[in-house]
Amino acid sequence: MDEQVEFVVRAAAIGAGATAVMDLWGLFLKLAFAIPSLDYAWVGRWIGHFPRGRFAHANIAQAPRIRGETPIGWVAHYAIGIVFAALLMGVWGLDWARHPTLLPALLVGMSTVVAPFFLMQPAFGAGIAASKTPNPHTARLRSLMTHLSFGVGLYVAALLSALLFPV
């Protein structure tokens, strides 16, 4: 297989797999501890307002709904996971995906928390690093744990990819 095609295929598989692990973590927290996770319809609502020139909201939950916001949000969620997997492979190389190690996956997983802290939470009206929420420290810890689960997912998905599609 051509290396460029292999890169794209592995990035898609690893990114989607890691995102699924993150979603399973969120489901576990919801079922075991009644801790809600992000409503991805809000992500779709946020994106849906872009063509209208609206990139930030005082409270995304109160922003006007967008037709198709739920599927838009879920597609964006998985696409972002794939992009982060591609960034991991871009830094550590295709060989990392062929022979994955834990540390790069955890480093990238943890570094992805920058996106919600400095982009999404402020744009949703929650402030930088959830500073405007009722319990900012709890929200930050949840974000960190969620993105750590994404890092674990990067590693697990890469291992599965390497086992299923050895070079």
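Predicted model: local features only at pLDDT ≥ 70, side-chain atom pairs only at ≥ 80, totals over all residues.
**Pockets, annotated spans and a helix contact**

The largest pocket in this structure has a volume of about 1500 Å³, and among the 47 residues that line this pocket, Ser37, Leu38, Asp39, Gln121 and Ser143 are the closest to its centre. Rolling a probe the size of a water molecule over the atoms shows where empty space is left.

Which helices each supply at least two residues of the lining of the largest pocket? They are α1 (3-33), α2 (40-48), α3 (69-92), α6 (114-124) and α7 (136-164), and α1 gives the largest share, with eight residues. Sorted by class, the lining of the largest pocket holds 27 nonpolar residues, together with 15 polar and five charged ones.

The second largest pocket has a volume of about 160 Å³. Its lining consists of Met1, Glu6, Val9, Arg10, Ala13, Arg98, Ser161, Phe165, Pro166 and Val167, and here too α1 provides the largest share, in this case four residues. By class, the lining of the second largest pocket comprises six nonpolar residues, one polar residue and three charged residues.

The UniProt record, an unreviewed entry, places the annotation "transmembrane region" on residues 7-28, 74-94, 101-124 and 144-165. Two of these spans can be followed in the model: residues 74-94 are 95% helix and 0% strand, with their end C-alpha atoms 27 Å apart, while residues 144-165 are likewise 95% helix and 0% strand, with their end C-alpha atoms lying 31 Å apart.

Two of the helices that contribute to the lining of the largest pocket, α2 and α6, also pack against each other. Two packed helices are described by the angle between their axes and the distance between the axes. For α2 and α6 the angle is about 85° and the axes are 11 Å apart, and the two helices are therefore roughly perpendicular to each other. On the α2 side of the contact are Trp42, Val43 and Trp46, which meet Leu119, Met120, Ala123 and Phe124 in α6. The residues of this contact divide into seven nonpolar, no polar and no charged.

Note on methods
Residues numbered from 1 in each chain as written. Heavy atoms only, no water. 1 Å grid on protein atoms, 1.4 Å probe; cavity = no way out; pocket = protein on both sides within 12 Å on 5 of 7 lines; lining within 4 Å. Points joined across faces, edges and corners; volume = space filled by probe spheres on them. Nonpolar A, V, L, I, M, F, W, Y, C, P; charged D, E, K, R; others polar. UniProt positions renumbered as here; feature names shortened; annotations may be inferred. Axes fitted to C-alpha atoms, helices over the stretch in contact; angles between N-to-C directions. Parallel < 35°, antiparallel > 145°, perpendicular 65-115°, else oblique. Contact = heavy atoms within 4.5 Å.
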